[in-house]
Amino acid sequence: MASTKQQTDTSIDRVSQSAHDTIDRAAQAASSAYERVSAKGEQFMQMHEDWVDTAREYVREKPLQALGIAVAAGYLLHMITRR
C-alpha cells in the first residue's frame, strides 16, 4: 500500500512540476510579446509625430499648395462617399 501512495505522490509531483514549467514558459512568452508590442507602439507614435511635423512644415512653407491639396482631397472624398 505504501508503494501505491509513493507512486501517486511521485506522479502528482511530476504533474505539478510540469504545470509550473508550462506556466513559467507562458509567462515568459507573454512578457516577450508585451515588450515587442510596446516597442512597436513607441515606433508608431514616433512615426505619427514625424508625419505631423512634416505636414506642419509643408503647410508653413507652401500654404497655398497645402490648401489646394486639402480642397482637392475633400472634393474627392465627397465624390466617393456621396453614392
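A salt bridge here is a side-chain nitrogen of Lys or Arg within 4 Å of a carboxyl oxygen of Asp or Glu. The structure, a predicted model, holds one such bridge.

**The salt bridge**

The partners are K5 and D9, whose side chains meet at 3.0 Å, N to O. Side chains of opposite charge can pair when their charged atoms come close. K5 and D9 are four residues apart in helix 1, so about one helical turn separates them. K5 counts as exposed, at 53% relative accessibility. D9 is partly exposed, with a relative accessible area of 34%.

Y58 sits in helix 1, which covers residues 2–61.

One of its members, D50, is found in helix 1.

**Accessibility of selected residues**

| Residue | Relative accessible area | Class |
|---|---|---|
| K5 | 53% | exposed |
| A29 | 45% | partly exposed |
| D50 | 37% | partly exposed |
| D9 | 34% | partly exposed |
| Y58 | 32% | partly exposed |

Why does Y58 count as partly exposed? Its relative accessible area is 32%, and the partly exposed class runs between under 20% for buried and over 50% for exposed.

**A span along the chain**

A29 also lies in helix 1. How far apart in space are A29 and Q46? Their C-alpha atoms are 26 Å apart, with a sequence separation of 17 residues.

Key:
Residues are numbered from 1 along each chain as its sequence is written. This is a predicted model: local features need pLDDT of at least 70, side-chain atom pairs count only at pLDDT 80 or more; totals for chains, interfaces and linings use all residues. Side-chain values use heavy atoms; hydrogens and water are left out. Helices (H or I, at least four residues) and strands (E, at least two) are DSSP runs, numbered from the N terminus. Buried means under 20% relative accessible area, exposed over 50%, partly exposed in between (1.4 Å probe, protein chains only).
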